[in-house]
Amino acid sequence: MGKRSRTASAASRKTYAVDCEWTPADLAALKGLLEAEAALPADAPRALLSIRLSVLTEDTTSPVRQELDLRREALHKGFRVVGIASDLNVSATKVPPWKRKELGSWLNDRAPEFDVLMFWKLDRFIRRLSDLNVMIDWALKYGKNLISINDVIDLSTVIGKIMVALLGGIAEIEAANTSTRVASLWDYAKTQSEWLVGKPTYGYETGEDEDGNVVLYIGAAQHKALHWCRRMARRGVSATRMVKVLKRSGLMSQGLTTSTLLSRLRNPGLMGYRVEVETKGQARRSKLVLDQNGKPIRVAEGIFTEEQFNQLQADLDKRSKNQPARQPGGATKYLGVLICADCATNMTVKKTTNPSGKYEYLRCQGCKSGGLGAPNPEVVYAKLAMDALSVMGDEPMQLREYARGAEVRAQVAQLEESISYYMRELEPGGRYTKTRFTREQAEATLDKLITDLGEIDPETTQDRWINVGNGKTFRQHWQEGGIDAMAQDLLRIGVKCEVTRIKIPGQRAPEVKLKLKIPNDFRDRLVIKEDDFAPKL
């Protein structure tokens, strides 16, 4: 039976580029819009255009159409386009605006650069009513407007706000209906022996038979790799060793990890049965889907026989270790800050128990056997804290706040208007030239107005971020919050502490040296940025 591939490999797929979708007519229209936009006054409201699609293919032209339509509407309203946030292949149901790569960057860090956020249609922008409420609160807080060119949305009016909430509710209902239909399809597909939808178990590929039906085929390279792993497991070879050989041979990708390999080898779908993923805590395991008679549903020829699969599980179990339960909150303090100087991986705490008692030491992820064990992690933590305090402890705590320039702009406009008035009336024939007293008074007033105008910092007329101190230093903050507060700040600003372990002859414990690596712009990074989109407790 022949097969025709239904999916291209990841390597053969072309990366989508918006530039490739512009036709000569589109480019001509864009040129005309840009030329017309250049004629707008310098103080024209600034518009950010948001473009989004859930599903993107090489035939997609919607991003271009959205951008041109948005540019036309912006020009019609007298807005100057200052940026385009293009998030393609992004679901509005799963990813809210502030978490999208492009739009999220504008919302979180570049709010002073635009006045209006425009989108093609509400469901192109948002799908959940709760997300919409968050965006409305954000827009009102920062003085922004939300405009949809295909919906009646305008936050500057009460009716506009009501319409936003109404349309958002409809969008959420539509998204829920879509979710229900998809869930129903999955529930139906799981009961069928034919392959309808979904990602197949590793080792299988989708294709079409001669009748055009979707079927699963065993991949030759995957079959070879999986059976090699089965034979190595019989010999007692560890999964870690298998990963190194598989990556070196090219049979599996360079991103392969031990946990991923074990997950693949323990998947009962390798026997040709339908499976589903079951999540317990942080663990994800594949389990068989049973039919109405309680029997597994076969969807393809098995890569392993049932006997081979069961023997493989027994061989893997022989090498498995019962790991102790993780300590709540994590056993390793400064995780992500402490790194090995040799392999650059995170240092973690390893706990063992022997007849002498409990024993803790720091180890890394990349060196053989975790490298030389560094006992007394608390001593390492204390040294790290002292080094961090000596460099950053006296830095003042600052919070980034949003400052609007509208009030100052209005003050500047009023001063300029007053100055123009007095200058005009001091000209020959003006009302202040009739007597010496009125001239002197008017000139004194004019000098005062000019001085006031000159004292205004032009930067304050623009919306901007400013840093406001709270009267504390980071030393005080870390003393109050303890190790957790310091660890969070060090990780936030990108501080790394390299741990070097040196073997000392005749001594079991190595000598431990620390080297603190602090970014040059650490002062800017120390500024605390309020998360406007954090869940409200």
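Modeller: A quick word before we start: the angle between two elements runs from 0 to 180 degrees between N-to-C directions, with axes fitted to C-alpha atoms. Do keep in mind that this is a predicted model.

Colleague: Happy to. At about what angle does helix α11 run to β12?

Modeller: Helix α11 spans residues 377–392 and lies across β11, β12 and β13. Taking its direction against that of β12, the angle is about 45 degrees.

Colleague: And which are the edge strands of that open sheet?

Modeller: The three strands come in the order β11-β12-β13, with antiparallel pairing. An edge strand here pairs on one side only.

Colleague: How many bridges join β11 to β12?

Modeller: Strand β12 covers residues 357–363 and runs antiparallel to β11. One of the bridge pairs links Thr348 with Arg363 of β12. Between β11 and β12, the bridges number seven.

Colleague: Let's move to α8. Why do its buried residues sit on the same side of the helix?

Modeller: In α8 (residues 239–249), the buried residues are Ala239, Met242, Val243 and Leu246. They share a side of α8 because the arc they cover around the axis is only 100 degrees.

Colleague: Which exposed residues does the face turned away carry?

Modeller: Start from the buried side, where the cover includes α7 (220–234) and α9 (258–265). Exposed means over 50% relative accessible area. On the face of α8 turned away from that buried side, the exposed residues are Lys244 and Arg248.

Colleague: Which residue just after α8 takes a positive phi?

Modeller: Helix α8 covers residues 239–249. Just after it, with a phi of about 85 degrees, comes Gly250.

Notes. Residues numbered from 1 in each chain as written. Predicted model: local features only at pLDDT ≥ 70, side-chain atom pairs only at ≥ 80, totals over all residues. Heavy atoms only, no water. Buried < 20%, exposed > 50% of the residue type's maximum accessible area, 1.4 Å probe, protein only. Helix = DSSP H or I, 4+ residues; strand = E, 2+ residues; numbered from the N terminus. Arc of directions from axis to C-beta. Contact = heavy atoms within 4.5 Å. Pairing = 2+ DSSP bridges.
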